[in-house]
Amino acid sequence: MPTVIVNKRGEDRIESGHPWIYRSDVAEVRAEAGDIVRVSGPRNRVLGEALFSDRSQIAVRMLTRGEAKADEALLRRRLEQAIAFREALKIEGSAYRLIHGEADLLPSLVVDRYGDYLVLQALSQGMDTLTPRIVALLAEVLAPKGILARNDPRVRLLEGLEQKVEVLHGEVPATIEVTEGRVHYAVDPFHGQKTGLFLDQRENRTAAANYASGRLLDTFSYNGGFALALAPQCDEVIAIDISEDAVARIRSNAERNGLNNVQARAMNVFDELRELERRGEQFDTIVLDPPAFAKNKASVPKALSGYKEINLRGLKLLKPGGYLVTCSCSYNVGESAFADVIASAAADARVDVTVVEKRMQARDHPVLMTVPETYYLKCFILRKLG
Ligand code: SAH
């Protein structure tokens with residue numbers, strides 16, 4: 001069997017419950033790109049079996065610990081457990097995450113369900129090698145009408161893998177109709193962001209709907225996730241996204257749901273917040289859900305100033321008694337750093353703000369306790385006093 005020997009630091013990391021070993025902690029490799037390998041420590045203790053990458057900084061992703069084999073039965077068990085967990089969540093909707101990589105002990109694998117179809121991402125060499133077996137198991141266990149590989153994320157380039165989108169099983173239509181709570185969406189699984197929708201915000205949308213009222217400003221709206229979920233509670237909704245395509249989808253999704261109080265604008269949120277402030281506009285509810293401003297450690301300072309700016313302007317545009325739903329999906333900006341930014345925005349805006357709810361990514365995107373990287377989405381629901 002192909003083998004990788006890690007140094008003491010690599011061994012300690014595995015013991016600490018983290019499944020990744022960096023290239024710098026690998027002592028010896030007797031394996032090819034994408035192999036399933038046996039991992040041993042510096043004194044030949046068998047640590048488990050893993051996915052191996054000869055390109056990524058993350059050279060090893062553990063699948064098992066100790067003597068357990070990463071065989072067909074293990075893959076099947078992991079898939080079935082992940083699926084059974086989602087069934088137990090009784091999610092109100094037909095689109096949700098079935099497999100969330102590390103947190104389902106299937107590192108670098110994402111599988112989302114959109115109605116009768118599955119959309120998969122294999123984000124490492126090893127998972128790419130396993131894809132045909134994963135597809136066969138998913139087809140057997142779930143009998144979907146089709147499985148699409150959305151293997152176009154840029155991280156695949158770091159693995160030396162091709163970026164490609166292809167149907168791996170059955171047929172997949174250009175548009176899939178799904179529901180999330182009471183909202184109906186038309187999803188484009190081939191071109192939509194991520195696998196089509198931002199499924200990780202589902203529960204935050206439901207939570208936000210408990211506070212929404214009056215005039216709502218939904219910024220970075222994409223296909224209208226928050227706008228459409230909150231619109232029934234509001235008089236007037238303004239949804240903003242920089243992408244014309246996203247804005248066209250907000251409009252068609254609003255129509256599909258018979259929501260005639262939603263206006264969608266294709267604009268840059270930074271410019272529009274400034275303009276709304278200049279015009280003296282006020283809102284009862286504001287959602288800030290930007291893309292990850294900090295994609296890596298180097299971009300953290302710039303990201304913090306971006307978060308500060310939108311939160312500062314958001315707080316100024318909010319009526320006293322109004323609610324701000326503010327999110328960050330940057331793993332590199334932790335919960336406390338994000339809270340600090342919001343506090344500093346509140347101080348600069350000279351407003352008093354209370355935290356009504358502190359939330360995270362939806363339960364179908366679980367956080368693995370020993371892997372901080374799996375806690376990426378922070379969402380605070382705040383109330384402006386006064
Ligand atoms: N709130 C959405 C998800 C947001 S994803 C939901 O619940 O589904 C981030 C969105 O921000 C993307 O659609 C992207 O097009 C948009 N975006 C990125 N930079 C922007 C900017 N400067 N101004 C407006 N929209 C922007």
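How many Å separate an oxygen atom of the ligand from an N or O atom in the side chain of Arg205? The distance is 2.8 Å.

## About the model

This is a predicted model, in which local features need pLDDT of at least 70, side-chain atom pairs count only at pLDDT 80 or more, and totals for chains, interfaces and linings use all residues. Residues are numbered from 1 along each chain as its sequence is written, and side-chain values use heavy atoms, with hydrogens and water left out.

## Around the ligand

The ligand has 17 residues around it, each with a heavy atom within 4 Å. The closest are Arg205, Phe220, Asp241, Val269 and Asp289. By type, the shell holds nine nonpolar residues, five polar and three charged. Here Ala, Val, Leu, Ile, Met, Phe, Trp, Tyr, Cys and Pro count as nonpolar, Asp, Glu, Lys and Arg as charged, and the others, Gly among them, as polar.

The side chain of Gln193 has an N or O atom 3.4 Å from a ligand oxygen. In the side chain of Asp289, an N or O atom lies 2.7 Å from a ligand nitrogen. The protein buries 89% of the 580 Å² that the ligand exposes when taken alone (Shrake-Rupley method, 1.4 Å probe).

## Domains

An automatic or database assignment sets the domain bounds. They give domain 1 (3–62), domain 2 (72–177) and domain 3 (200–384). The centres of domain 1 and domain 2, over C-alpha atoms, are 24 Å apart.

In domain 1, 13 residues are in contact with 13 residues of domain 2 (heavy atoms within 4.5 Å). These two domains bury about 930 Å² between them, 55% of it on carbon and sulfur atoms. Buried area is the accessible area (1.4 Å probe) lost when two parts are put together, summed over both.

Key
A polar contact is a pair of N or O atoms within 3.5 Å; within protein, one must be able to donate a hydrogen and the other to accept it, and residues adjacent in sequence count only if both atoms are side-chain atoms.
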